[in-house]
Amino acid sequence: MSISESTARRYELQDPDVRLMLLVRDDDAAAFEELMLRYQRRVVTVLEHLVSKRDLAEDLAQDVFMRVYRSRKTYVPGSRFSTWLFTIVNNVASNARRSLARRKEVQVTNPADQSGSQPADPLERIATAASGLMPTRQLDKSEMGSIVRQAVQSLNERQRMAVLLAKFEEMSYNDIAETMGMSVQAIKSLLSRARANLKDALQPYLQEGTVP
């Protein structure tokens, strides 16, 4: 789909990261480094939740940024930069999952991360939003993070991606729809089902402290 000059100009004016990407298009290495600094951690975090393996997520993040760099000469801003970037992330993750499935290396269920070292705050916000409940006891922060990660991993791939983009990237329905190639209404339904599933998964823990 061609992007009009007025649309490209609008995103250039609105989004500083679009302006950086346009500098990358002109072979500005410092601009590319700045974009990597801004997005690398976020890309790895989302990928880790999508493929369930930290080392694989880091490798895939490199692939994502290589694609960004290689496509720089044809880049025309038709959306926010983050929307464009996470469309690439979604495609890379989908390809990786298909490759893993072919090799029968996909874990059907993801064991809890026992390290407790990952940042839990965004996931805790998911838990709070999903449950709509006040915890009946003081929750241990690392335990809560682990439980919520399990709940997120229990979602199907599309629900998980939509939740991650909504909560980690704070994307709008429109941006998530564009990133995932779906309609806005379909994204609203997808997120509604995801929140219901998260609530079901987290309710026993939040109400009774029952660890799955």
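Tutor: Gladly. A crossing is right-handed if the near helix is turned clockwise from the far one by less than a right angle, and left-handed if anticlockwise. This is a predicted model, where local features need pLDDT of at least 70 and side-chain atom pairs count only at pLDDT 80 or more, while totals for chains, interfaces and linings use all residues. Residues are numbered from 1 along each chain, and side-chain values use heavy atoms, without hydrogens and water.

Student: What is the hand of the crossing of H3 and H4?

Tutor: The crossing of H3 and H4 is right-handed.

Student: Why is H3 called oblique to H4?

Tutor: The axes of H3 (residues 29-51) and H4 (residues 54-70) come within 8 Å and cross at roughly 135°. Angles under 35 degrees count as roughly parallel, over 145 as roughly antiparallel, 65 to 115 as roughly perpendicular and the rest as oblique, so H3 is oblique to H4.

Student: What makes threonine 83 buried?

Tutor: Its relative accessible area is 1%, and buried means under 20% (exposed is over 50%, partly exposed in between, with a 1.4 Å probe and protein chains only); therefore threonine 83 is buried. Threonine 83 lies in helix H5 (residues 81-102). Leaving aside neighbours within four places in sequence, threonine 83 is in contact with Met171, Asp175, Glu178 and Thr179.

Student: Which residues does phenylalanine 86 contact, leaving aside its neighbours within four places in sequence?

Tutor: Phenylalanine 86 is in contact with several, including Tyr39, Val43, Met171 and Thr179.

Definitions and conventions: Axes are lines fitted to C-alpha atoms, for helices over the stretch in contact, and angles run from 0 to 180 degrees between N-to-C directions. Helices (H or I, at least four residues) and strands (E, at least two) are DSSP runs, numbered from the N terminus. Contact means heavy atoms within 4.5 Å.
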